[in-house]
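Here's a quick briefing to read alongside the structure. Have a look at the model first, then come back for the notes.

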Amino acid sequence: MSTVYPYPTLAGRVDITVRQAGIDGKALPFSLISPREQVVALHLAGRDDWEEATLELEVGLPNDELADGPWASVACVAVLTEGATNSRTVARLERRRDDTRWRGEIRLRRSMYVARAVLQVSVVGSYDGIDGRVIGTGDVPWVVDLLARTAVRQRDIEIVEEDFRDGPQEWLRPFKEAPWLVETSGELPTVLLNTSFEGLGALLNGARGPLEKAAAGLVATQIAGDAWTAMFHSAVGDLEVDDDGAPQVPDGWKEPVLRAMLPDVFPGLPLADALAEIHSRRTEGHGWAELQSRIQFAASRRAQAPKNLTTALRAVSRPQEGAAR
Amino acid sequence: MNRSGADVPDRLALLPSAVASKYLTNAVRSGHERLPQVAILRAAGSIEDGSARWSTGPLKEILDEAMSRFADARTEADAWLAPRLHATLRMTRAEAARPELWNFLALAVAPDYVLWRHLATGEAKDGTAKKVNTPRFAGPQDSQAFARLWWAAEMFRDGPDYRPVEVACGNQDMLNTVLRLDTIDHKPTALAMVRVLEGMVRSGATRLGDRVNALCTAVNSAGSTLLYDVLAPDELPDQEALFAWIDDAEGAPPVPWDRLPDGPEDGTARRASVDRLTLMFQELADGAPLRDRSRKRAADSA
């Protein structure tokens, strides 16, 4: 819990487990629930007509601390939220007398959620005569992904293959000679790979032998570098400021991008200060040009440029044994 | 701005944001040039379901009426249009979360409305023409000209009752500040804030804008340590009723102009919950410090 609370809060762990999930009454395969990554993937291939998903939850609280603590009428609630739809669903969890865990279920309605919902647990109690105080929250919230086919948390970048030249997307025509484009205005940043660019798809998807693999690695590095740079600029481009003019940490994919890159752009500055610094440099223009090399450095680090380039250089300098086809 | 109307497409479609921003040049945003309608229509993807709710006719009708009704006071159009837009463009939250839909409405169907509502009059200080900010055409849901109204209606309606929407949208500070806050995702919180606002308006409070901002800040920061959902429990909306209302769009007459339309009967917020939060927020509002304007004024005159 990062907020400062003017009353005692729980020191112990609050851990959340999704025991089971179902879609319209049918159980979801366990492979789509990842306890390690804390992700549930709700996209089922060939099934787009579902209405409601149910998540069965189990929460472990520091029960001894709760029993001995100064709080009254303690309750444990699961809260499902999503920024894009402003949706919020709350469910109370219960603990049976002979049980150590709190259990309950929360329902996710398809009509209310669109892409990625966040599932958090709050422990609430009365203290000093005031009800409903938050005394603890889950250490790591779960992600419920409505679009993913696999339960993976890191979906920083979506990769979509499109035919820029003859495909259905008119706006891509002028870019028909570009091997790829990075698009950051949507829900998730997307890399559009141009399938009319001969050989690109084959190289990225089916590289064989050390030389081809090295080349594929280099191209992937290049794409990733472009993507990180574009994501950084668009995340910095629409920072919102609060009443005091301090920029706010954005939500969605922009948050992890800034958290990952700002330490490389402004080494040693805490996140809030780095945000304020980059916002003022961008809006006021001073020192913006000087910053570009740091942004480029941060992006190439995220794209693992040094590692991939070294691998490629070694592969090229090695005698061409297995590469002949 | 003199669009003939003949080239307005019959049905809504989805326009990618990357395409939209490409066409939002300074000349377009200052009303000096028209958008390239043919290119925009070609870049848009169609909406698969053939339901009547995606027709543009009824939308154009209320937009035109808003422009003639509020010709002298265009900010007042928000409170009139928000419920009528919501009741005309019937959809689920998941459907409304597509920025492509709002892009299309602003760029292909009603760019004239966006310019009318959001173009400041007069000239900018440096002598260049004033222009509408890009996010009013294609931007986040709390800024985009139509998305902000639809979402305000969705967040502040009490089941079928759009009256709280009128109150919330009748105050620009409320509309601009509160839509950005996650706290109003809890319906009793949103409705209680409207009731407090209503009380301020009724009592003729001075510095209403500052008071509204102070209220929003206080409710939001109290919400970081209090879970309103537990203090003021509420039911999930009735999904079937919402679907039925959306299906009714096929045969529903156009929305009334002089009285409020009816929203979906998907359940009203629990009275006791709204009452409890109203009392709490009233106390917060009474105790909240107003923004100190004296310092700023001193700085401005220096």
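Contact here means heavy atoms within 4.5 Å. By that rule, 33 residues of chain B are in contact with 36 residues of chain A. Keep in mind that this is a predicted model. The notes below start with where the two chains meet, then move on to the layout of chain A and two of its residues.

- The size of an interface is often given as the accessible area lost when the parts come together.
- For chain B and chain A, that buried area is about 3000 Å², and carbon and sulfur atoms give 55% of it.
- As for charge pairing, the count is 4 salt bridges between chain B and chain A.
- One salt bridge joins the side chains of A:R88 and B:D229, at 2.5 Å from N to O.

**The chain B side**

- Helices that each supply at least two residues to the side of chain B touching chain A include α1 (17-23), α3 (37-43) and α6 (93-96).
- Further along chain B, α10 (147-156), α15 (228-231) and α16 (239-247) also each supply at least two.
- α1(B) gives the most to this side, with 4 residues.
- Sorted by class, the side of chain B that touches chain A has 15 nonpolar, 8 polar and 10 charged residues.

**How chain A is laid out**

**A:S122**

- You'll find A:S122 in strand β9 of chain A, which covers residues 116-127.
- A:S122 counts as buried because its relative accessibility is 7%, and the cut-off for buried is under 20%.
- Leaving aside residues up to four places away in sequence, A:S122 touches A:A75, A:C76, A:V77, A:G136 and A:T137, plus B:L227 from chain B.

**A:T221**

- A:T221 sits in helix α3 of chain A, residues 209-237.
- With a relative accessibility of 9%, A:T221 counts as buried too.
- The A:T221 side chain reaches the backbone oxygen of A:G217 at 2.7 Å.
- Again not counting residues up to four places away in sequence, A:T221 touches A:A303, A:Q304, A:A305 and A:N308.

Key. Residues numbered from 1 in each chain as written. Chains lettered and ligands numbered in written order. Predicted model: local features only at pLDDT ≥ 70, side-chain atom pairs only at ≥ 80, totals over all residues. Heavy atoms only, no water. Buried < 20%, exposed > 50% of the residue type's maximum accessible area, 1.4 Å probe, protein only. Polar contact = N/O pair within 3.5 Å; in protein donor to acceptor, adjacent residues only side chain to side chain. Buried area = accessible area lost by both parts, 1.4 Å probe. Nonpolar A, V, L, I, M, F, W, Y, C, P; charged D, E, K, R; others polar.
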